[in-house]
Amino acid sequence: VYLARDKESGLMVAVKTLPPQIMHSPEEMQAVKDNFALVARLKHPHIASNDYLHKAQDVTLNKPGVHIEKGDYVLIMEYVEGSTISAWKRQFPDKKIPFDQALAICGQVAEALDCAHEQKVIHRDIKPGNIMLNSSNKIKVLDFGLAAEVRSSMSRVSTDVGSSSGTRPYMAPEQLLGRKQDHTADQYALAVMFYELISGEVPF
C-alpha cells in the first residue's frame, strides 16, 4: 500500500496494487471487480471508503521502491490518519484496554458492520490491525470486504487448496472450515476483538 497525493483534489489517498496472479486470471479479476462494486457503495463515518479501481494507463515513477507498472490494477482508498488498534493498545499495561474505551471502540465497529450487513456486505477479517483510531478516538474500519476477496482469489489460483480468507484467531468456525459465511462471522470476530481488548489476549 502506497501513500499518494491526488493532483486534482490535493487530497492524500492510499493506493494498493493487486497481486499479479489475480490480474492475470480473468475469472478472479472479475470476482474482485464485482466485490469492489459492492464495497464502493459503503458510505459510513466509521468505514474507510474504497473509491476507485483503475487500470494504470500511464505510469511515471520518481521514487525507488514503488512497484506499479502500466496495465496494473490499482485500488484508490481513503487515507486514514492515526494508528491501528493493535499498535495503539501497546501503551496499556498487559495490552488491556479500559472497559469503557474498549466498549466505545467496538460500538463504533458494530455501527460500521450494521451498515455493511444491511447492504449484504461482510468484512471477513475484523481484527485490531484492520481498525484505525484517530486522535479524537474515532475509528475507521479498513479493507472492507475487498481484502478478503483478494485473499480468496489468491487461494483459488494457488495450490494451497486449504487456505481461507481471514485471520485465524478471529475466524468463526464456519470460516475456518471453508463453509458459507454470513454477517455472523463478522459478529464473532468483533466479540473476539472485544475479549482481546479487555483481557489482553485472544480467547483461542
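1. A cavity here is a set of points, on a 1 Å grid over the protein atoms alone, where a 1.4 Å probe fits but cannot get out; its lining residues have an atom within 4 Å of a point. In this structure the largest cavity is lined by Arg124, Asp125, Ile126, Gly166, Thr167, Tyr170, Met171, Gln175, Ala185, Asp186 and Ala189.

2. The model is predicted: local features need pLDDT of at least 70 and side-chain atom pairs pLDDT 80 or more, while totals for chains, interfaces and linings use all residues. Residues are numbered from 1 along each chain as its sequence is written, and side-chain values use heavy atoms, with hydrogens and water left out.

3. The whole structure holds 1 cavity of 30 Å³ or more.

4. The chain has 7 helices and 7 strands (DSSP runs: H or I of at least four residues for helices, E of at least two for strands). Their order along the sequence is β-β-α-α-β-β-β-α-α-β-β-α-α-α. Of the 204 residues in the chain, 42% are buried (under 20% relative accessible area, 1.4 Å probe, protein chains only).

5. Met12 lies in strand β2 (residues 12-17). Met12 counts as partly exposed because its relative accessibility is 31%, the class between buried and exposed, the latter being over 50%.

Notes. 1 Å grid on protein atoms, 1.4 Å probe; cavity = no way out; pocket = protein on both sides within 12 Å on 5 of 7 lines; lining within 4 Å. Points joined across faces, edges and corners; volume = space filled by probe spheres on them.
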